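Here are my notes on this one, jotted down while going through the coordinates. Have a look at the structure first, then read on.

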Amino acid sequence: MKKKFLATLMIVAMSASMLAGCGSKGDAPADSAATDDAAATDDAAATNDAATTDDAAATDDAAASDEEQTITVWCWDPTFNIYAMETAGEYYAKDHPNVKVEVTETAWDDLQPMITNAASTGEISQLPDIILMQDNAFQKNAISYPDLFVDLTDSGIDFSQFAAGKLGYSTVGGKNYGVPFDNGAVIACYRTDILEQAGYTIDDLTDITWSRFEEISSDVQAKTGYYLLSERSGEADLLMMMLQSAGASLFDENGGVNIANNDVLKKVVETFNSMVKNNALLLTQQNWDEYIKSFNSGSAAGVINGCWIMGSIQAAEDQAGKWAITNMPKLDGVDGATNYSNNGGSSWAITSNCQNKDLAIDFLNSTFCGSVDFYGEILPKSGAIATWAPAAEADVYGEPSDFFGGDTVFTKIVDFATKTPANNTGVYYYEARNAVTTALTNIANGADIDSELANAQATVEQQMQ
């Protein structure tokens, strides 16, 4: 990116314009041979200058095209986002061998403070060209720090090819600030060999309620020592998935906080605590690696999370053929409760620190917004189901998965996504989520549910003011 290609084009254009101006002499006097000779001499000189300029421009263009250029990217999860971005770099390099995509693993918990710090200090030079943004955080960052991200609305990217619901996360004031990436439809995955030891099949865990799940998971744990579900201690991923599955949110339709008197949220908290107490839910350490280890080689034989978790499940290659996918349990006795939800999902954003925005845009437009083959390649290994509509044309979407027992899991997940209730995240989604997480921890330690949810409501309202 050291060579500014656009600047080169501008110089060439300016040179051509100046030459045209010098070459325009008007009508020469008919009786002035000297003037005609001078004009001829000037024209020849101009022609020679133009040729020299064109040669120089061609040399500059060749140098620009041959010079190695690097696109820097920050994202997390080696088996999912990093794998997808590195593969995109390989695809782009086929037609642009001088362009290298350099990916730095950066946890979201670290990336968000870096964004905030860059905005508050004005030191944007610390940022890379492209970052991956959690969908639930995109609205707040784009609204709070509009100068930090490149407006992609008129970039040439066809945003109409992305699912409207997904696109909404990175759209602010009618402007597009992100390129949508992965699908976050929730899946429930279970080890069929462990289920069989306890006398169950995947069908016993399909279209069920959470109370039935608690019964089965507790029984499996007693018989085999394996839990059917784990969650990081002090985190609220599962809680938020359960809440959205019933069409509920931490905010009302007007953006107001909806925590203290949220009956669905209270039901979720009660269900969560009951599963922990009855050995139906294993709480791991807060560390993400410990969570992954719990079902790769630990004491959990089940996972409920966004479909992007498939990449981490498949990292345990020795368990191929022993996993099956179905839908998640639904809340008991709640109107509108479903067996479907969403968790996570993210979008790519180009930072204002990017020195070659046209290159970064073309890279994203050629891969995440323009290659069916690219999406077809990353899908089987990572489980990165696209929200870019043409990607569904890839044959692999209808192929069975040997790892998941020969099931056509990608077709199943697309169906799950169509049945997922909408979720109102609000600008202060993470503030509300953190407040509820604190309440959940206190409730687990014996605090009163109603009091803790009221405290969480007051905390978020104060932050919003």
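1. Starting with Asp450: at 39% relative accessibility, this residue counts as partly exposed (that is, between the 20% limit for buried and the 50% limit for exposed, using a 1.4 Å probe and protein chains only). Keep in mind that this is a predicted model, where local features need pLDDT of at least 70, side-chain atom pairs count only at pLDDT 80 or more, and totals for chains, interfaces and linings use all residues. Numbering runs from 1 along each chain as its sequence is written, and side-chain values use heavy atoms, with hydrogens and water left out.

2. Asp450 meets Lys266 in a salt bridge, 3.1 Å from N to O (a side-chain nitrogen of Lys or Arg within 4 Å of a carboxyl oxygen of Asp or Glu). Lys266 sits in α10 (263–277) and Asp450 in α17 (449–464), so the pair ties together parts 184 residues apart in sequence. Lys266 is also partly exposed, at 27%.

3. The whole structure has eleven salt bridges. In the one between Lys140 and Glu431, the closest N and O atoms are 1.9 Å apart. Because Lys140 belongs to helix α5 and Glu431 to helix α16, this pair links parts 291 residues apart in sequence. Lys140 is partly exposed at 26%, while Glu431 is buried at 17%.

4. Now the inside. The largest nonpolar core has 85 residues, with Trp348 and Phe368 making the most contacts inside it (buried Ala, Val, Leu, Ile, Met, Phe, Trp, Tyr and Cys joined through side-chain atoms within 4.5 Å). Helix α3 gives the largest share of this core, eight residues.

Technical notes. Helix = DSSP H or I, 4+ residues; strand = E, 2+ residues; numbered from the N terminus.
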